[in-house]
Amino acid sequence: MRTAHELTVENDGIADTMILTRSVSRAEVVREICAHLEPYQVGEKPITGETVIAKDLTIDSLAIMDMVMELEDRFDVSIPMSVIAEIHTVDQLADTIGDLRARA
Amino acid sequence: MGLFDRHAGLLDAYRDVRTTGYDPFQIRMERVLSPTKAIINGRETLLVGTNNYFGLTFDPSCMEAAIEAIRAEGTGTTGSRIANGSYSEHVALEKEIAEFYGKKHCMVFTTGYQANLGVISTLAGQGDFLLIDADSHASIYDACKMTQAEVVRFKHNDPSSLEARLRRLGDKPGNRVVVLEGIYSMLGDSAPLRAFVDVCKKYGAYVLIDEAHSLGALGEHGRGLCESTGVIDDCHFIVGTFSKTLGAIGGYCVSDDPDFDILRVTVRSYMFTASLPPSIVASVRQALRVVKARPELRRQLWDNVATLYDGLKAQGFTLGPEHGPVVGVHLPDRMTAIGFWRAMLDAGIYVNVAVPPATPNGVSLLRCSLCAVHTKEQLDHMVEVMTGIGRQFGVLPDKQLRAAGAR
């Protein structure tokens, strides 16, 4: 929860400058996704690349789409809804963001 | 795996809801007495959740028009608009709605849902881009499932979020279609339409706006948010419904596009369903005349909005962000919302209850919608009842208990 809170504060402060135009490491993308998912963690089970977002966590489909919107703005990519529907794990989401950034 | 296993989570939630004794999704109006009163569970109940903004469901002139049409042309058309279901009256209604907006073309659909579903999924096709507000109505989301276009959501009522997504498309080929709503149905907030239109112009995007909840309510002539913000000419497609202010059922889409009529042979929800029955077409035509002739209904509606919104606000309720014909009352969670809703029904007041996943951001709401013919006494009474229940449920601070605790 603390991480999510810090993120909000951070975003409020610098707004648009938060969009990352420099190159981003995959680890950074995964870290960001995990920070968004932390509030939905079940018990002590850690969130990893293999975590199935809709199944292993308590997040509902609408909240997933809202999280994706936040990630889109953070990494300056747009992920079409049909692509979101095919994403199941944290790794797949990180790869999608990486691919879209590489193509931009 | 059983057919219903995938709904296990929803079934659990639904069971929870029903433990309260009433099922809010299967409420029966035993007898509707007027736009604002019905018998529910054997008692006379005040209706404050019917989207009946002008109260025209019982307007004598609309009722007479419908009855006359049944006598003249029967109960139904038994066919689609592209077969035997286009009567002179359907065409006349389309002409009248087009004139109402000052647009060249209009298509009438059998429901508002079908208007959005068909028009949006057909306008944006393979290679195009559909950009929708995150809080869009289910009919818009369902259109997105049917289209071959790439669909991207932007943050609710946030023109800069739309702009970022249009910018990212860069010079990719393909049309950009942006879908907005005049007034959003859950919290009653309206879109910053002018700012949205400016962004769309900058990136050459088409604008489609759904005025379902704003027809009649907004604008000098009741055309909706596109009129009150002065951007009718910049809205390429305006969609709306007959099932709210106009008191019947049906949907429409108007446009100035010279090739608009091609939609009549491409939009499947128009082609493959029976057209509106003559009685509905007749009552809608009359209701549109009433909307034009009686602007005082709009003023009455907004007076009532102010009474309810300001009354609840003053008591400490958390509401939607602005005055609107829909007043959404935030409650802390789903079960509190269901319990509150049931207590209101026991007190003789019906509103809608809206809980996740049907609501944005997982909020739980009592969704109240105002009617021009509610009286101030009815609404003052409602504020009083809701304040009492709010204290019982701990949603509002209980002043007396606090005083006792302090001693």
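The structure is a predicted model, in which local features need pLDDT of at least 70 and side-chain atom pairs count only at pLDDT 80 or more, whereas totals for chains, interfaces and linings use all residues. Residues are numbered from 1 along each chain as its sequence is written, and chains are lettered from A and ligands numbered from 1 in the order in which they are written.

Among the contacts in chain A with a separation of 6 or more, residues 24 or more positions apart account for 60%. Here two residues are in contact if their C-beta atoms, placed from the backbone, lie within 7 Å.

The contact between the chains takes 13 residues from chain A and 13 residues from chain B. On the side of chain A that touches chain B, helix H4 (61–75) and helix H5 (81–86) of chain A each supply at least two residues. H4(A) gives the most to this side, with six residues. By type, the residues of the side of chain A that touches chain B divide into seven nonpolar, two polar and four charged. In this grouping Ala, Val, Leu, Ile, Met, Phe, Trp, Tyr, Cys and Pro count as nonpolar, Asp, Glu, Lys and Arg as charged, and the others, Gly among them, as polar.

Chain B is assigned domain 1 (22–51 + 295–399) and domain 2 (59–293), with bounds that come from an automatic or database domain assignment. The centres of domain 1 and domain 2 of chain B, taken over C-alpha atoms, are separated by 27 Å. Their contact takes 16 residues from domain 1 of chain B and 14 residues from domain 2 of chain B. Helix H11 (296–314), strand E11 (326–331) and strand E14 (364–369) of chain B each supply at least two residues of the side of domain 1 that touches domain 2. E11(B) gives the most to that side of domain 1, with three residues. The residues on the side of domain 1 of chain B that touches domain 2 comprise eight nonpolar, five polar and three charged.

An open sheet of seven strands in chain B has the order E4-E10-E9-E8-E7-E5-E6, with mixed pairing; two strands pair if DSSP finds at least two bridges between them. Strand E4 (105–109) and strand E6 (150–154) of chain B are the edge strands, each pairing on one side only. From one strand to the next, the twist averages 20 degrees.

Within this sheet, strand E7 (residues 176–181) of chain B is mostly covered, with six of its six residues buried. In a regular strand the side chains alternate between the two faces of the sheet. From E7(B), B:Arg176, B:Val178 and B:Leu180 point one way, while B:Val177, B:Val179 and B:Glu181 point the other way. E7(B) runs parallel to strand E5 (residues 129–133) of chain B, joined by four bridges, and B:Ile132 stands opposite B:Val179 in E7(B). Five bridges join E7(B) to strand E8 (residues 206–210) of chain B, also in parallel, with B:Glu181 opposite B:Asp210 in E8(B). Between E7(B) and E8(B) the chain crosses through helix H7 (residues 193–202) of chain B, and this β-α-β crossover is right-handed: with the strands pointing away from the viewer, the path from the first strand over the helix to the second runs clockwise.

E8(B) in turn pairs with strand E9 (residues 237–241) of chain B in the parallel sense over three bridges, and B:Asp210 stands opposite B:Val239 in E9(B). Helix H3 (residues 88–101) of chain B lies across E4, E9 and strand E10 (251–255) of chain B, running at about 125 degrees to E4(B). Axes are lines fitted to C-alpha atoms, for helices over the stretch in contact, and angles run from 0 to 180 degrees between N-to-C directions.

Notes
Buried ≥ 20, exposed ≤ 12 C-beta atoms within 10 Å, placed from the backbone.
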